[in-house]
Amino acid sequence: MKNVSIVGGGVLGSQIAFQCAFFDCNVIMFARTEASIKRMQEKLTRLIPIYGAYFNDQDRAQRAYDSIKISMDMKEVLDDSDVMIESIAENMYAKKELYESMQGLAPEKTLFLTNSSTMIPSTFRDYTDRPDRFLALHFANSIWQNNIAEVMSHDTTDPKYNQIVMDFAKQINMVPILVKKEQPGYILNSLLVPLLQSAELLYAHGVGDIETIDRTWMLATGSPVGPFGILDVVGLTTAYNISVQASITHPQLKCVTEMLKEYIDAGKLGVATHEGFYKYPNPTYKEQDFLKG
């Protein structure tokens, strides 16, 4: 599992790419446009000092960055891939379209993994050309320190690939968590998403302001960061896409969707744009400093 293809270069996609490169994989990322390449490079650049500080090895972090390739040619991205990790936006139709576009491009050996935060792999298996080799591998944000990787297959996955993917997770310094059956949100987000949505509802309904809600959670639980701080790191676009899907069956969340859209329309997407629910004026901010408040 040496050659890793990453499709999706957002907050988590860039972290996954850097993590794999830092732990000696050959990484190539897919970008749709020249503008996408620039955004990916900016995210990857921000990770150099973070990885260098966290692992106390700045030279290795720089080498990892230098080794990552980016291509606009999907065939080139998949050409010799051992594993493809999809980490695009939480949009069901976009994911289906992506998997259909990749049919016939990857060699037979390639495992397809989705990093979808809330959607189960069986939703997309019929749009791939390898349902038996298609699983979910879900990463938490700030993966260099929050290094769990949730492995979740579906009822037509060849069971042997559970262990293969868990071994791959260990290879890139992750702690594999086997999810025994399909569950939207896996284990982590089944716990986290209700917390974040509760905080969003409290704010949208005017029950408390952002700082009060975060401070309440932090003081009561000892958490170093509150729900809105977490949302800024995750990214408001991801939160919005999750809310859009959830509001289909939970109409009370429509006010949350509308609230998030206002922030997104104003260009406040979270830490990545230096402003979300909070401001991050220093473009060279370190994740560790943010988590300390």
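First, some housekeeping. The model is predicted, so to speak of local features I need a pLDDT of at least 70, side-chain atom pairs count only at pLDDT 80 or more, and totals for chains, interfaces and linings use all residues. Residues are numbered from 1 along each chain as its sequence is written, and side-chain values use heavy atoms, with hydrogens and water left out.

Let's start with the sheet. Helices (H or I, at least four residues) and strands (E, at least two) are DSSP runs, numbered from the N terminus. Two strands pair if DSSP finds at least two bridges between them. On that basis there is an open sheet of eight strands, in the order 3-2-1-4-5-6-7-8, with mixed pairing. At its edges sit strand 3 (69-71) and strand 8 (175-178), each of which pairs on one side only. Neighbouring strands of this sheet are turned against each other by 25° on average, direction ignored. For angles here, axes are lines fitted to C-alpha atoms, for helices over the stretch in contact, and angles run from 0 to 180 degrees between N-to-C directions.

Now look at strand 4, residues 83-86. Strand 4 runs parallel to strand 5 (residues 111-114), joined by four bridges, and glutamate 86 stands opposite threonine 114. Strand 4 also pairs with strand 1 in the parallel sense, again over four bridges, and there valine 4 faces valine 83. Buried, for me, means under 20% relative accessible area, exposed means over 50%, and partly exposed is in between (1.4 Å probe, protein chains only). Which residues cover the two faces of strand 4? Val83 and Ile85 are on one side, Met84 and Glu86 on the other, and all are buried.

On to helix 1, residues 11-22. Contact means heavy atoms within 4.5 Å. Helix 1 packs on the sheet, where it touches strand 1 (3-7), strand 2 (26-30), strand 4 and strand 6, and its direction makes about 160° with that of strand 2. Eleven of its twelve residues are buried, so helix 1 is largely enclosed by the rest of the structure. Among those buried residues are Leu12, Gly13, Ile16 and Cys20. After helix 1 comes aspartate 24, with a positive phi near 75°.

Helix 1 also has a helical partner. Helix 1 and helix 3 (residues 58-67) pack at an angle of about 115°, their axes 8 Å apart. Phe18, Ala21 and Phe22 from helix 1 meet Arg60, Ala61, Ala64, Tyr65 and Ser67 from helix 3. That contact divides into six nonpolar residues, one polar and one charged, where Ala, Val, Leu, Ile, Met, Phe, Trp, Tyr, Cys and Pro count as nonpolar, Asp, Glu, Lys and Arg as charged, and the others, Gly among them, as polar.

Next, helix 7, residues 188-204. What does the buried part of helix 7 pack against? The partners are strand 6 (134-139), helix 8 (210-221), helix 9 (227-234), helix 10 (236-249) and helix 11 (254-265). The buried residues include Asn189, Gln197, Glu200 and Leu201. Just after the helix, glycine 206 takes a positive phi of about 75°.

That brings us to leucine 253, in the loop between helix 10 and helix 11. Leucine 253 is buried, at 4% relative accessible area. Leaving aside neighbours within four places in sequence, leucine 253 is in contact with Gln197, Leu201, Ser243, Ala246 and Ser247.

Asparagine 162 lies in helix 6 (residues 160-171) and counts as buried at 16% relative accessibility. Beyond its neighbours within four places in sequence, asparagine 162 is in contact with Leu135, Val151, Ser153 and Leu178. Asparagine 173, in the loop between helix 6 and strand 8, has a positive phi of about 70° although it is not a glycine. Is asparagine 173 buried or partly exposed? At 32% relative accessibility, asparagine 173 counts as partly exposed. Tyrosine 186, in the loop between strand 8 and helix 7, has a positive phi near 55°, and tyrosine 186 is buried, at 1% relative accessible area.

Thanks, happy to take questions.
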